[in-house]
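Please keep the sequence and the structure in view while I speak.

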Amino acid sequence: MSIRKKTLLIIAITFLVITSALYFLSSVFLLDGFRRIEQDLELKNLSHLSETLLDSLSNLEDKSADWAVWDDSYNFILDGNQEFIESNLNNLALDLLDINLILFIRTDGKQVYSKYYSLKEKKDYKIPQDILDHFSNKSLLLENDELKKGFINTSLGPMMIVKRSLLTSQAEGPSNGFLVFGKIIDDNSLLSYSRLIKAPLEMVLVSPELVGSSTAVDFDEAKDVFLRNRETKTHIKLLDTKTIADYLLVDDLYGNPLVILKITNSREIYKQGITSIHYIGLVMGIMLVLGTVLILSLLENLVVKHVSRLSRDITNIAECTDDCLLKVREKKGEDEISKLTKSINKMLVSLDQSTKTLKDEKYKIQKYLEVIGSSIVILDLSGKVLLINKAGCRLLGYEEKEIVGKEWFTSFIPENIKDNLRYMFERISNREINIEYFESPIVTKDGRERILMWHNSLLEDSQSKAHSIVMSGEDITERIAADEKIIQEKQSVERKVEERTKELNDEHAKLKAAINSTPEGFLLLDTKENVVITNQEFYGIIDGSISIQTIGDVAKLIENTGVDIVANYKTCLKTREPVEFKDLSFGKKYLSIFIRPVLEDLEEDRELIGILILINDITEVKVMERSRDEFFSIASHELRTPLTAIRGNISLILEHFKDLLKDKLLKEMLEDTYAASVRLIGIVNDFLTTSRLEMGKMEFKRERFDIFELSTEVVKTLSQTALDKGIYLRVEDTLSQNKAPLALGDKEKCREVLINLIGNSIKFTQKGGVSIRFVVQNELMKVLVTDTGDGISESSRSLLFRKFQQANESLYTRDPQRSTGLGLYITRLMAEAMGGKVVLEESTVGVGSTFSFTLPTENV
Amino acid sequence: MAKILIIVIEDDPLMSRMYQKIFMFDGYDVLLASNGQEGLDLARKEHPTVILLDIMMPKMNGFETLDKLKADPDTKKIPVIMLTNLAGQHDAEVALLKGAVKYIIKSEFDPKQVADMVKEVIAGYTRDVLPS
């Protein structure tokens with residue numbers, strides 16, 4: 001369906017729906033209004049009727065008043081004189097009064113006079129008993145003097161009556177009886193009412209069994225309404241579209257429903273309403289047609305015309321096959337259709353370009369296929385050749401046209417394998433298997449077989465549905481022969497690789513065993529913070545059971561030690577310097593942690609491949625150390641105390657009991673004991689000093705002092721010894737005191753070093769003497785002690801600064817002067833602990849030796 | 001010159017008897033205490049001229065005793081010389097910080113040297129305390 005038709009349809013339907021809705025709504029509301037007006041009017045009619053009835057009753061009442069308040073009738077009820085009857089109660093009088101019934105009844109209930117007169121037939125009738133029953137002695141109507149008026153039911157039809165008490169003309173009593181006027185409501189009465197209300201009037205009795213009467217259905221319905229609700233006196237009903245009926249219920253004097261009066265009206269107002277709605281409908285219809293035409297013409301001019309033209313242009317372009325104008329007519333302006341035409345033109349230009357590019361590409365691909373060395377074949381899914389390039393034709397020895405369209409497998413594949421190959425081809429095209437390349441032979445025109453390595457790929461449409469398969473084959477017949485040789489070589493290489501792998505595995509297993517059996521916790525990390533290898537011992541040492549993945553996990557486990565392992569790891573990565581932490585407290589344990597970089601095992605440009613962390617549980621060592629400390633502490637106290645007592649007491653004896661020591665031998669023995677105790681204390685002290693130095697327990701101060709001055713003091717102390725031996729001891733003032741920098745170290749320890757060195761020199765010098773010199777070298781201060789003693793042989797020098805060694809070659813040639821051989825060892829350790837050193841500078845046997853003591857100065 | 005009284009607080013009878021003799025021969029009065037508490041009581045009672053105090057002792061060691069002596073206004077002016085076989089420099093400094101006047105390593109000196117050192121101390125103090 002064209003846009004034009006669709007637009008027309010949509011607009012027409014829209015207008016139709018709107019108009020219908022409007023028409024429907026207006027008719028509902030308008031008609032409802034009209035109906036309400038109609039209802040009001042009918043109610044007015046009913047009230048008019050009701051008033052008319054009351055008027056008529058009032059009229060009867062007025063008439064009766066003239067008669068009841070009158071001396072003549074007052075008397076008549078007492079005497080019943082004939083004269084009154086003849087002159088007043090004749091037919092003419094009743095005609096004038098327009099009544100049917102007249103009764104004179106005494107208060108005791110006796111009827112003095114009664115007359116029923118038919119106004120139509122102008123003659124008297126006997127009064128039916130049922131009328132008289134209303135005025136019997138016990139009747140409600142006669143129970144008191146009050147005026148009574150209303151309707152009663154009689155066998156002659158509904159009757160209007162008035163009852164009054166008879167009084168004198170002066171309206172005085174006492175009343176001796178009652179006067180009753182009655183009038184049957186007959187067709188004439190109805191006719192007169194009808195004239196008054198200007199509408200046809202009908203009447204039925206509520207109890208129709210009394211009088212045969214019309215029993216129209218609508219009356220029955222109204223009766224039902226009234227009887228159901230005794231309060232309701234009126235009812236309105238639509239009889240048909242043109243007539244409406246109003247009903248009025250009239251009760252009798254006793255309050256019982258008596259008759260229903262019905263007014264029939266034609267529905268003028270409603271008819272007017274319908275007419276006006278028809279006019280509105282007409283107007284709307286005209287507007288609908290006009291609106292539709294207007295909008296259609298607007299749409300046609302603004303949109304549809306242009307769209308149709310555009311559609312025609314595009315259809316032309318689409319149907320054009322060869323060299324046509326790729327352009328649509330552009331619409332001027334800035335609206336959407338104008339933009340659309342411009343965009344389409346732009347699109348067409350780029351489409352044109354890409355078509356050209358595609359053609360170029362196609363041309364290029366054809367050329368590629370021609371020049372390519374491999375055979376290219378495209379098969380459809382049934383195995384028919386769709387395309388083959390020149391190389392393929394050359395290889396097979398056929399012309400291209402001989403090949404294209406042929407079934408590939410039956411024509412060009414050796415008989416024995418063609419079924420297998422076809423099966424494989426089917427599975428590939430169904431995507432059951434995915435084989436990118438395979439080897440397969442082909443048969444050429446001259447019957448030779450060539451082996452080709454085929455690469456293949458499925459060609460798919462845009463819905464990924466395979467439609468053909470492209471294969472590229474390379475002739476590998478010659479290469480296969482060459483490959484045989486290569487395979488053999490390869491196998492030999494593989495064997496070697498296998499052997500090497502086994503060796504590596506063995507090596508790996510050994511390393512692993514070594515790592516696992518080492519008592520140290522072993523942790524190897526790569527450079528990206530990941531843990532590569534750990535051993536069981538590591539978990540044992542840190543009491544950890546959770547698995548460790550990164551350096552962060554390690555840090556959490558050992559954070560109690562206070563070592564920031566992550567920071568140190570990073571530092572080590574950067575500097576490649578090992579770091580060691582000793583004596584770390586870790587719970588109840590003591591740990592030492594060693595972090596070192598792992599470098600590739602090459603000579604140059606060694607790459608960092610990881611970080612090794614070793615953790616040692618040194619708790620046992622610490623316990624041992626502590627017991628050793630305690631041992632030395634106890635030994636120092638316990639050994640030295642008795643020795644001191646021996647030495648002290650002998651000293652006291654020698655001093656204070658000289659007079660008693662007459663015996664020379666006794667004195668000598670005591671003196672020897674004293675000397676022995678002194679030497680023993682010296683040995684114990686040396687042992688203690690050695691162990692403290694070795695354990696690093698000795699404390700060294702860092703103070704500045706004048707080494708020149710210290711040396712002078714030491715020389716002064718030892719000068720007596722030198723003097724006793726008859727040798728010189730002097731300080732050669734090679735250093736001006738002003739220039740000399742202050743040495744840096746522990747002054748008292750330096751004193752001991754100097755005493756030891758100078759003392760040694762004195763001890764081993766028999767003639768000549770000992771001289772001390774000073775040299776400042778590279779911020780270091782050197783004290784040179786030169787003697788003219790025995791000298792030290794080449795072979796003994798290496799033992800010189802060792803523990804328990806003296807500069808003698810044999811154990812049996814001990815120097816009797818010195819016992820332990822710890823002196824130089826202690827000296828060396830002390831010097832080293834202060835950042836200095838003690839060395840033998842030079843020595844010649846028989847000429848002398850020079851020792852030096854080097855110390856840092858304050859300038860360092 | 002008033003008689004000089006020296007209290008030696010030392011648990012080892014070998015040592016204490018030796019010191020007793022050293023000072024006896026020089027004509028001083030010597031009282032011996034075999035532990036810190038005893039020495040403390042004796043010092044409060046006798047107000048000695050000088051106290052020689054060993055460091056390693058049962059019950060109350062020398063440092064504790066020294067603290068107590070120096071905390072008591074009654075005894076704090078009495079000079080205290082520490083006696084020990086501990087050769088550590090550290091101990092010497094601790095003792096001097098706590099108020100000792102001297103520090104003698106027992107094994108390193110002859111009795112005569114010890115006597116001289118004590119005499120030196122006494123001389124220094126008695127000049128102020130006993131002007132006669």
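I begin with a definition: two strands pair if DSSP finds at least two bridges between them. Helices (H or I, at least four residues) and strands (E, at least two) are themselves DSSP runs, numbered from the N terminus. What we have here is a predicted model, in which local features need pLDDT of at least 70, side-chain atom pairs count only at pLDDT 80 or more, and totals for chains, interfaces and linings use all residues. Residues are numbered from 1 along each chain as its sequence is written, and chains are lettered from A and ligands numbered from 1 in the order in which they are written.

Let me apply the pairing definition at once. Strand 8 (residues 234–238) of chain A runs antiparallel to strand 9 of chain A, with 5 bridges between them. Within this pair, Ile236(A) has Asp246(A) of strand 9 as its bridge partner. The two strands form a hairpin, connected through 4 residues.

Strand 7 (residues 201–205) of chain A is likewise joined by 5 bridges to an antiparallel partner, strand 10 (residues 257–266) of chain A. In that pairing, Glu202(A) lies opposite Lys262(A). Is strand 7 of chain A mostly covered or mostly open? It is mostly covered, as 4 of its 5 residues are buried. By buried I mean that 20 or more other C-beta atoms lie within 10 Å of the residue's own; exposed means 12 or fewer, and partly exposed is in between, with C-beta atoms placed from the backbone.

I turn now to the nonpolar cores. A nonpolar core is a set of buried Ala, Val, Leu, Ile, Met, Phe, Trp, Tyr and Cys residues joined through C-beta atoms within 7 Å. Which residues touch the most other members of the largest core? Among its 55 residues, they are Val180(A), Val259(A), Ile260(A) and Leu261(A). Strand 9 (residues 243–251) of chain A supplies the largest share of this core, 6 residues. Leaving aside residues up to four places away in sequence, Val180(A) touches Leu101(A), Leu103(A), Ile105(A), Phe135(A), Ile161(A) and Lys163(A). There is also a second, separate core of 33 residues, including Ala722(A), Ile762(A), Val783(A) and Phe801(A).

Val783(A), which belongs to that second core, stands opposite Phe853(A) in strand 27 of chain A. Strand 27 (residues 848–856) of chain A is antiparallel to strand 25 of chain A, and 7 bridges join the two. On to the neighbouring pairing in my account: strand 24 (residues 769–777) and strand 25 (residues 780–787) of chain A are antiparallel and joined by 8 bridges. There, Ser771(A) has Thr786(A) as its bridge partner. The hairpin of these two strands has 2 residues between them, and Asn778(A) adopts a positive phi near 45°.

Next, a helix. Helix 17 (residues 565–575) of chain A has Ile565(A), Tyr569(A) and Cys572(A) as its buried residues. These cover an arc of only 65° around the axis, which puts them on the same side of helix 17 of chain A; the arc is that of the directions from the helix axis to the C-beta atoms. In general, an α-helix has 3.6 residues a turn, so residues three or four places apart point the same way. The other side of helix 17 of chain A carries exposed Ala567(A), Lys574(A) and Thr575(A). After the helix comes Arg576(A), with a positive phi near 60°.

How do the two chains meet? 17 residues of chain A are in contact with 18 residues of chain B, where contact requires C-beta atoms, placed from the backbone, within 7 Å. Helix 18 (619–656) and helix 19 (664–694) of chain A each give two or more residues to this side, and helix 18 of chain A gives the most, with 14 residues. Chain B itself has 5 helices and 5 strands, following the pattern β-α-β-α-β-α-β-α-β-α along the sequence.

Finally, confidence. The average pLDDT of chain A, on the predictor's per-residue confidence scale from 0 to 100, is 84, and 95% of the residues score at least 70. Among the elements of chain A, helix 22 (residues 794–797) has the lowest mean pLDDT (78), and strand 27 the highest (90). Over residues 809–814 of chain A, pLDDT stays under 50, and the model has 6 contacts for them beyond four places in sequence.

Methods. Two residues are in contact if their C-beta atoms, placed from the backbone, lie within 7 Å.
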